[in-house]
Amino acid sequence: MVKPKTEEEIELLRENAIIVSKTLAEVGKRVAPGVTTNELCRVAETFIRDHGAIPSFLGFEGFPAAICASVNDVVVHGFPSDYVLKEGDIFSADIGTLYKGYNGDSAYTFPVGEVSPETQKLLDVTKASLYKGIEAAVAGNRTGDIGHAVQSYVESFGFSVVRELEGHGLGKEMHEAPGIPNYGRRGNGARLTEGMVICIEPMINLGGRGVYLARNGWAVHTADHKNSAHYELTVVVRKGKAEQLSTFDFIEKD
């Protein structure tokens with residue numbers, strides 16, 4: 001049984017979520033051909049620290065950077081590097097914070113300049129599938145309802161769901177129960193109760209669902225080296241409709 005968060009805890013998680021959301025927007029402003037992923041990592045770390053938080057990924061189980069910086073066929077957990085982004089790439093930033101004893105966690109995949117129509121479709125469908133999952137994150141449903149909502153949507157476009165990785169609960173720990181898979185059957189899995197705080201994060205491949213782990217022990221690549229997209233938001237399970245804590249509004253505002 002997963003213990004729901006108190007309203008006081010939810011407010012602390014909301015503060016983290018806003019910092020993470022604004023950090024992603026700061027990174028997004030600088031995503032362009034000619035920029036290195038190391039530069040984008042520095043932007044994120046500076047912004048997080050300037051707002052009184054700590055980049056929680058740095059040093060987590062040995063992870064060497066403040067953000068996960070995943071390019072093209074890297075699904076998640078890529079290391080920032082001197083790689084120079086080029087026109088047509090996609091860049092996924094996954095960012096975490098620790099502030100007032102609680103965690104924030106959100107991710108967004110940015111196109112670098114103009115991308116191919118099929119890649120843009122992957123980005124659009126993956127992001128839309130996240131909102132499909134959020135619609136299912138209501139009290140009384142189960143984690144399988146979220147997974148089914150994501151899976152059925154993306155597979156209808158011919159894309160594939162990564163099975164080896166999933167979303168998670170969030171609180172004082174970065175990863176808490178329950179796990180939130182992006183595939184599943186309705187009515188299966190852990191029951192969602194009001195006050196649970198969870199991260200829903202579809203990881204969707206343009207090609208097949210197969211992946212492999214890089215030699216560095218962190219970066220997960222698509223087996224066929226086709227592009228993969230990743231979007232993540234933090235929500236509170238409520239009756240009738242989930243409450244979003246993190247948001248893409250700072251990124252997507254006009």
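**View 1. The largest pocket holds about 380 Å³ of space.** Of the 22 residues lining this pocket, Phe-60, His-77, Leu-165, His-168 and His-175 come closest to its centre. This is a predicted model, where local features need pLDDT of at least 70, side-chain atom pairs count only at pLDDT 80 or more, and totals for chains, interfaces and linings use all residues. Residues are numbered from 1 along each chain as its sequence is written, and side-chain values use heavy atoms, with hydrogens and water left out. A pocket here is an open set of points on a 1 Å grid over the protein atoms alone, where a 1.4 Å probe fits, with protein on both sides within 12 Å along at least five of seven lines; lining residues have an atom within 4 Å of a point. The volume is the space filled by probe spheres set on the points, which are joined across faces, edges and corners. Strands β7 (167–169) and β8 (176–180) each give at least two residues to the lining. (Strands are DSSP runs of E, at least two residues; helices are runs of H or I, at least four; both are numbered from the N terminus.)

**View 2. Five strands make an open sheet in the order β8-β7-β9-β14-β15, with antiparallel pairing.** Two strands count as paired if DSSP finds at least two bridges between them. At the edges sit β8 and β15 (243–244), each pairing on one side only. Helix α3 (residues 117–135) packs on the sheet and touches β9, β14 and β15, its direction making about 15 degrees with that of β14. Contact means heavy atoms within 4.5 Å; axes are lines fitted to C-alpha atoms, for helices over the stretch in contact, and angles run from 0 to 180 degrees between N-to-C directions.

**View 3. Strand β8 carries Pro-178.** Look at the peptide bond from Ala-177 to Pro-178: it's cis, with omega near 0 degrees.

**View 4. Asn-72 sits in the loop between β2 (67–71) and β3 (74–76).** Asn-72 has a positive phi of about 60 degrees, even though it isn't a glycine. Asn-72 is buried, at 17% relative accessible area. The cut-offs: buried is under 20%, exposed over 50%, partly exposed in between (1.4 Å probe, protein chains only).

**View 5. His-225 lies in the loop between β12 (220–222) and β13 (228–230).** His-225 isn't a glycine either, yet its phi is positive, at about 60 degrees. His-225 is partly exposed, with a relative accessible area of 48%.
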